[in-house]
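This report is a guided reading for someone meeting the structure for the first time. It follows the strands, then a helix, and then the side-chain pairs.

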Amino acid sequence: MTRHAFAKAASTTVPVHPLLAERWSPRGFDREHELGDEALTALLEAARWAPSSQNSQPWRFLVTRRGEDAHGRLFAALGPGNQAWAGAASSLVLVAARTADDGGPQRWALYDTGQAVAALVTQAQADGLSVHQIGGFDTAAVRADFGLDSTLTPIVILAIGRRDGTAELPEPLAAREAAPRARRPLGDLLLPAAAESVPAAA
Ligand SMILES: Cc1cc2nc3c(=O)[nH]c(=O)nc-3n(C[C@H](O)[C@H](O)[C@H](O)COP(=O)(O)O)c2cc1C
């Protein structure tokens, strides 16, 4: 097993890049930290250059920063458990996918948008920022409040900011923040026909 000094880092059967191994989803954010224009733009550029089916680029972002009116409206749509911590993040970004257009339903739009978010998250990690993705929000409220038409599907809200390991969190969030991260064993991810091709999973 590869173990990093950092307690929350992934424990892997062989080394993986530290940007991937050391990424995690914190709830403790520095409420003094502000996300500057250049830092924010770098995240969006990382997403912009993600691959997508037929280069369709179906990802859309509603970007808000703490203190802005739209930030408060996104925050209001979060479930109570997420409101307990996400307000301290520097930015809340709604991610939506254009899941239909003139050509009808877009089969890969959700997949492509997830890839764009993965690129954004990795760029954030490289820049010393953390991203915590949030599915627990009222999509109907967001759709109505921001006037999203039926071709757009809201997917997640990203809480982006600088991690604060000393931030006070209520239980059970504090315990979760300190707990080691866990994953299924590699062998569980492999369909049986090809399992013998991955020695580490045997
Ligand atoms: C689509 C999606 C929705 C999520 N929704 C929430 C959420 O509503 N609240 C929350 O605290 N974490 C949420 N998470 C974070 C996951 O719980 C987290 O990524 C997972 O437990 C693995 O932990 P790690 O990111 O620290 O490795 C979400 C993550 C994803 C990708």
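Leucine 92 stands opposite alanine 159 in strand S6, and in this predicted model that position belongs to an antiparallel pairing in which S2 and S6 (residues 152–161) are joined over eight bridges. S2 also pairs in the antiparallel sense with strand S1 (residues 59–65), here over seven bridges, and within this pairing serine 91 of S2 is the bridge partner of arginine 65. How many of the eight residues of S2 are buried? Seven of the eight residues of S2, which covers residues 91–98, are buried, so the strand is largely enclosed by the rest of the structure.

Helix H3 (residues 69–77) can be read alongside these strands. Its buried residues are Ala70, His71, Leu74 and Ala77, and because they fall within an arc of 120° when seen down the axis of H3, they line one face of the helix. The buried residues of H3 pack against S1, S2, helix H6 (139–145) and S6, whereas on the other side of H3 Asp69 and Ala76 are exposed.

Aspartate 69 is exposed, with a relative accessible area of 56%, while arginine 73 is partly exposed at 30%. Together with Asp145, Asp69 and Arg73 are linked in a network of salt bridges.

The structure holds six salt bridges, and the table lists three of them.

| Salt bridge | N to O distance | Relative accessible area |
|---|---|---|
| arginine 27 and glutamate 177 | 3.4 Å | arginine 27: 16%; glutamate 177: 13% |
| glutamate 45 and arginine 48 | 2.8 Å | glutamate 45: 31%; arginine 48: 43% |

The salt bridge of arginine 27 and glutamate 177 links distant parts of the chain, since arginine 27 lies in the loop between helices H1 and H2 and glutamate 177 lies in helix H7 (residues 173–178), 150 residues apart. Arginine 27 is buried, and glutamate 177 is buried as well. Glutamate 45 and arginine 48, by contrast, are three residues apart in helix H2 and therefore separated by about one helical turn; glutamate 45 is partly exposed, and arginine 48 counts as partly exposed too.

In one of them, the rings of phenylalanine 29 and tryptophan 85 have centres 6.3 Å apart and planes at 20°, so the pair is stacked. Phenylalanine 29 lies in the loop between helix H1 (18–21) and helix H2 (37–48), and tryptophan 85 lies in helix H4 (residues 80–86), so the pair ties together parts that are 56 residues apart in sequence. Phenylalanine 29 counts as buried at 3% relative accessibility, and tryptophan 85 is buried with a relative accessible area of 4%.

The rings of tryptophan 108 and tyrosine 111 have centres 6.3 Å apart and planes at 75°, so this pair is edge-to-face. Tryptophan 108 counts as partly exposed at 38% relative accessibility, whereas tyrosine 111 is exposed, with a relative accessible area of 55%.

Technical notes:
Residues are numbered from 1 along each chain as its sequence is written. This is a predicted model: local features need pLDDT of at least 70, side-chain atom pairs count only at pLDDT 80 or more; totals for chains, interfaces and linings use all residues. Side-chain values use heavy atoms; hydrogens and water are left out. Buried means under 20% relative accessible area, exposed over 50%, partly exposed in between (1.4 Å probe, protein chains only). Helices (H or I, at least four residues) and strands (E, at least two) are DSSP runs, numbered from the N terminus. Two strands pair if DSSP finds at least two bridges between them. Rings of Phe, Tyr and Trp (its six-membered ring) pair if their centres lie within 6.5 Å; planes under 30 degrees apart count as stacked, over 60 as edge-to-face and the rest as tilted. The arc is that of the directions from the helix axis to the C-beta atoms. Contact means heavy atoms within 4.5 Å. A salt bridge is a side-chain nitrogen of Lys or Arg within 4 Å of a carboxyl oxygen of Asp or Glu.
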